Amino acid sequence: MDIKKYRVLLSAFELKSLTEVAEKYGNTQGGISHIIKDVESTLGVSLLKRGKKGVSPTEEGEKLIPLIKSIIKNEDALFENAKQLSATVSGTISIATFTSVGTHWLPKIIKNFTALYKDVHFKLFNGDYADIENWIQTKAVDLAFVALPLSLKCKTIPLYKDELLAILPPTHRLVKNDSCDIKDIVGDDFITLLESSNHDFRRVMDNTGLKLNVKYTTKDDYAIMAMVRQSLGVSIMPSLILKNNTEGIVVKHLSNRVYRTIALALVKDETTPLINTFCDFIQKNINEIIA
């Protein structure tokens, strides 16, 4: 039997929704039902039951879950070993990245990846959103960390939803509030990135229809935090850049929470075994990476 059918069945057990399974595999709900019925027919037992709250495994299905997981794990191990045997994982990977990923993710990624593949070297291009878009357009790099939505056409792999947060000086009038409503800081001096790099901020403001009093602009995220510490104004920044950097500032959730999606963009039309191995590594270890 096609192992993919077991993967579909396991996803149904875990997600408890055929609609979500269909979205995950780019199929229809009817197509997913057909796949599961095919598995049930082959094995000769009923595996899935439907209820008001979705789907769940039958008693027989519960007993078979460990075996299904084992089959999938063994297939993954088979292909992973075959991949390593068929191509030497070595060479140089050039990556474009913005500050927060370059600071909090990439060091751990590179350390763990090179522990497995010692002959791999990295060339890092650090810049803002505008720099990264330029490197993608000119194909100066193999991969790029980007924030979705991306205006450029290239394959992207979504990795993480990063919340945008308000940052305030410790003496600000709103520090005792549970959250920060954007309309409450409309009159405050606002500090933001250059227009070419403040896509996340513009998206937040487009959704509110409000206009903030932008008094300072800079290309550096850390400069924004330093200015807020000096009570020069307030700002809105992604949570990842604020990780371990909140001394001297107060961080608040926005009343209407907003997120950016960090993704990995495959810049070139054709990928190499090295690039594929690296992308697979990031996807499989993303939970450890963001911890």
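**A buried loop aspartate and its surroundings**

A: Asp128 is buried, at a relative accessible area of 10% (buried means under 20%, exposed over 50%, partly exposed in between, with a 1.4 Å probe and protein chains only). This is a predicted model, in which local features need pLDDT of at least 70, side-chain atom pairs count only at pLDDT 80 or more, and totals for chains, interfaces and linings use all residues. Residues are numbered from 1 along each chain as its sequence is written, and side-chain values use heavy atoms, without hydrogens or water.

Asp128 sits in the loop between strand S4 (120-126) and helix H7 (129-137) (helices are DSSP runs of H or I with at least four residues, strands are E runs of at least two, and both are numbered from the N terminus). The Asp128 side chain has a polar atom 3.2 Å from the backbone nitrogen of Ala130. It also reaches the backbone nitrogen of Asp131, at 2.9 Å. Polar contacts here are pairs of N or O atoms within 3.5 Å; within protein, one must be able to donate a hydrogen and the other to accept it, and residues adjacent in sequence count only if both atoms are side-chain atoms.

Ser151 gives a contrast. It is exposed, with a relative accessible area of 63%. Its loop runs between strand S5 (143-148) and strand S6 (155-168). Pro149 lies in the loop between S5 and S6. A cis peptide bond, with omega about 0°, links Leu148 to Pro149.

Ser231 is not a glycine, yet has a positive phi of about 60°. Its loop joins helix H9 (221-229) and strand S10 (235-238). Ser231 is partly exposed, at 42% relative accessibility. Asn244, also not a glycine, has a positive phi of about 65°. It lies between helix H10 (239-242) and strand S11 (250-266), in the loop. Asn244 is exposed, at 71% relative accessible area.

Last, the helix pair. Helix H6 (residues 106-116) packs on helix H11 (residues 273-290) at about 125°, with axes 11 Å apart (axes are lines fitted to C-alpha atoms, for helices over the stretch in contact; angles run from 0 to 180 degrees between N-to-C directions). Residues of H6 in the contact include Phe113 and Leu116, and those of H11 include Phe278 and Phe281 (contact means heavy atoms within 4.5 Å).
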